[in-house]
Amino acid sequence: MAYSNITKTAMAESMKALMREKPFAKISIGDICERCGMNRKTFYYHFKDKYDLVNWIFQTEFLEMMKTQNYTSGWQLLSDICFYLYSERTFYTNALQVEGQNAFRDYFAAAIGGILPEIMRDRIGPLEDSHFFIQFLTDAIQAAILRWLKQTPVLPPDEFMHKLESAIKALGK
């Protein structure tokens with residue numbers, strides 16, 4: 001692993017540990033750096049801000065892995081996203097609640113919106129305004145995922161996916 005990736009990974013692990021302890025808004029760059037024994041200059045060499053770090057975590061831990069898979073359906077990809085988010089539930093529950101410029105919520109919405117056309121193919125016929133529909137469904141799925149992750153007790157990911165798929169299929173009827 002290149003030194004740059006080792007450094008980024010150390011910062012990512014620090015951020016994940018901190019987000020298990022306190023809300024994103026209460027975490028400073030200084031906290032991240034102190035936890036992994038690095039300085040602010042090193043942090044800013046690799047990331048624009050803490051939002052960028054959270055997005056990088058999702059990119060490297062999930063999206064890069066996703067590219068190596070040979071998905072035959074958007075449903076399987078969405079299912080893998082849900083299983084992954086479930087495995088890092090505290091971190092992503094915290095991350096998805098953050099709003100604002102460069103927030104993970106927007107980054108995640110773009111990832112979901114990118115796979116929705118595949119999921120919707122053959123489920124719902126031609127749409128008058130498919131862009132609006134994809135945006136609407138992206139927002140709905142993101143809200144459903146956040147609500148699911150915040151539940152206590154939380155449904156297992158396969159049960160959540162079953163409910164989500166049933167709800168989306170009902171739209172096509």
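Predicted model: local features only at pLDDT ≥ 70, side-chain atom pairs only at ≥ 80, totals over all residues.
Local features require pLDDT of at least 70 and side-chain atom pairs count only at pLDDT 80 or more, while totals for chains, interfaces and linings use all residues. Residues are numbered from 1 along each chain as its sequence is written, and side-chain values use heavy atoms, with hydrogens and water left out.

**View 1. Packing of helix α6 against helix α8.** Helix α6 (residues 89-96) and helix α8 (residues 130-150) pack at an angle of about 135°, with their axes 9 Å apart; helices here are DSSP runs of H or I with at least four residues, numbered from the N terminus. Axes are lines fitted to C-alpha atoms over the stretch in contact, and angles run from 0 to 180 degrees between N-to-C directions. This angle makes α6 oblique to α8, a class left over once angles under 35 degrees (roughly parallel), over 145 (roughly antiparallel) and 65 to 115 (roughly perpendicular) are set aside. Arg89, Tyr92, Thr93 and Leu96 of α6 meet Gln142, Ile145, Leu146, Leu149 and Lys150 of α8, where contact means heavy atoms within 4.5 Å.

View 2. Gly113 lies in helix α7 (residues 104-120). Although Gly113 and Ile134 are 21 residues apart in sequence, their C-alpha atoms are 6.4 Å apart in space. Leaving aside residues up to four places away in sequence, Gly113 touches Ile134 and Thr138.

**View 3. Buried residues of helix α5.** The buried residues of α5 (under 20% relative accessible area, with a 1.4 Å probe and protein chains only) include Trp75, Leu78, Ile81 and Leu85. The buried residues of α5 pack against α4 (50-68), α6, α7, α8 and α9 (157-171).

Key. Helix = DSSP H or I, 4+ residues; strand = E, 2+ residues; numbered from the N terminus. Buried < 20%, exposed > 50% of the residue type's maximum accessible area, 1.4 Å probe, protein only.
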